[in-house]
Amino acid sequence: MKIVFLGTGSVILTGRNQAGILMEIGKKKLLFDCGAGVAVSLAKIGYTPYEIDYLFMTHFHPDHSIDFVTLVTDRGFRKRTLKVYGPIGLKKFTKIFYTKLYPELDSFLKCFEYLELNEVKKNFELNEREFKISSSPTKHTEFSLAYRIETKNKVILYSGDTGECEEVINLGKNVDIAILECSFPSKKVAVTPNHLYPEACGRMAKRMNAKKLVLMHFFPSCEKKEREILSRVKKFFDGEVVLAKDGIEMIVE
Ligand SMILES: [Zn+2]
Ligand SMILES: [Zn+2]
């Protein structure tokens, strides 16, 4: 499989796109979150956004969801179905966009005809031929989600936004790669308990028994603090740690 980090920033803008990860598993293309910049970046690196088969949203904060509208509107013109999975509230969230904010799009493009909306509830499991996806709640918003992606021989965890929590640790047990948010460079500057900082990422990866840890979702306070972030993570986790940048690719065989 191939993982492409399309957006590694967060809600306060830096030079990074907001959250978004592409996973190519066999012929299937899965997108996880779609904050600002993600849809256009897909096209820039050679993907046609309408070829995305699945979109998995972790929650509806704009830095994870605002390009949903971009993708869906594109679908209306392309006439190809997008399977969308997201927290409870996904149907309401989508409806507000296309019946309240942009009603002309719905009546003209019939976007809903090209959407398969699935709200992820407790004990969710999606079993496809090429992969299996399961989910857990995270400590961020009422219905926010993390996802576990299993292929024939590899397992990946994507946390979305979360504070340090048992549910995400349990979901990520023995993963090959844990992709965690790391909003702040230290606990001292963490403005909320519902996000992670390096020591918390290290502890979570250690307790998951993850082989590799990839960090993303950086607030501006993280920029130019790579060495400090790495040394704080490594106090708790001695596996490989990567601070993701927009556009990096990982081939996971
Ligand atoms: Zn976020
Ligand atoms: Zn959030």
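Biologist: Which residue of β3 stands opposite I25?

Modeller: K28 does. The model is a predicted one.

Biologist: What makes β2 and β3 partners, and how do they run?

Modeller: Two strands pair if DSSP finds at least two bridges between them. Strand β2 (residues 20-25) is joined to β3 (residues 28-32) by five bridges, therefore the pair qualifies under that rule. The two strands run antiparallel.

Biologist: What holds paired strands together in general?

Modeller: Strands of a sheet pair through backbone hydrogen bonds, in a parallel or an antiparallel way.

Biologist: Which sheet do β2 and β3 belong to, and what is its strand order?

Modeller: An open sheet of seven strands, in the order β6-β5-β4-β3-β2-β1-β14, with mixed pairing.

Biologist: Why are β6 and β14 said to stand at the edges?

Modeller: Each of them, β6 (115-119) and β14 (249-251), has a single partner strand, so one side of each lacks a neighbour in the sheet. On average, neighbouring strands of this sheet are turned by 20° against each other, direction ignored.

Biologist: Which helix packs on the sheet, touching β5 and β6?

Modeller: Helix α4 (residues 90-101) does. The direction of α4 makes about 140° with that of β6.

Biologist: Which residues of helix α8 are called buried, and what makes a residue buried?

Modeller: A residue is buried if 20 or more other C-beta atoms lie within 10 Å of its own. In α8 (residues 226-234), I229, R232 and V233 are buried, therefore each of the three reaches that count.

Biologist: How do you know where these three lie around the axis of α8?

Modeller: They cover an arc of only 100° around the axis, which puts them on the same side of α8. The face turned away from that buried side carries the exposed residues R227 and S231. Exposed requires 12 or fewer such neighbours.

Biologist: What covers the buried residues of α8?

Modeller: The cover includes α7 (198-208), β12 (212-216) and β13 (240-243). Helix α7 has buried residues too, among them C201, M204 and M208. The buried residues of α7 pack against β10 (155-158), α6 (166-171), β11 (177-181), β12 and α8. Just after α7, N209 takes a positive phi of about 65°.

Conventions: Residues numbered from 1 in each chain as written. Chains lettered and ligands numbered in written order. Predicted model: local features only at pLDDT ≥ 70, side-chain atom pairs only at ≥ 80, totals over all residues. Helix = DSSP H or I, 4+ residues; strand = E, 2+ residues; numbered from the N terminus. Axes fitted to C-alpha atoms, helices over the stretch in contact; angles between N-to-C directions. Contact = placed C-beta atoms within 7 Å. Arc of directions from axis to C-beta.
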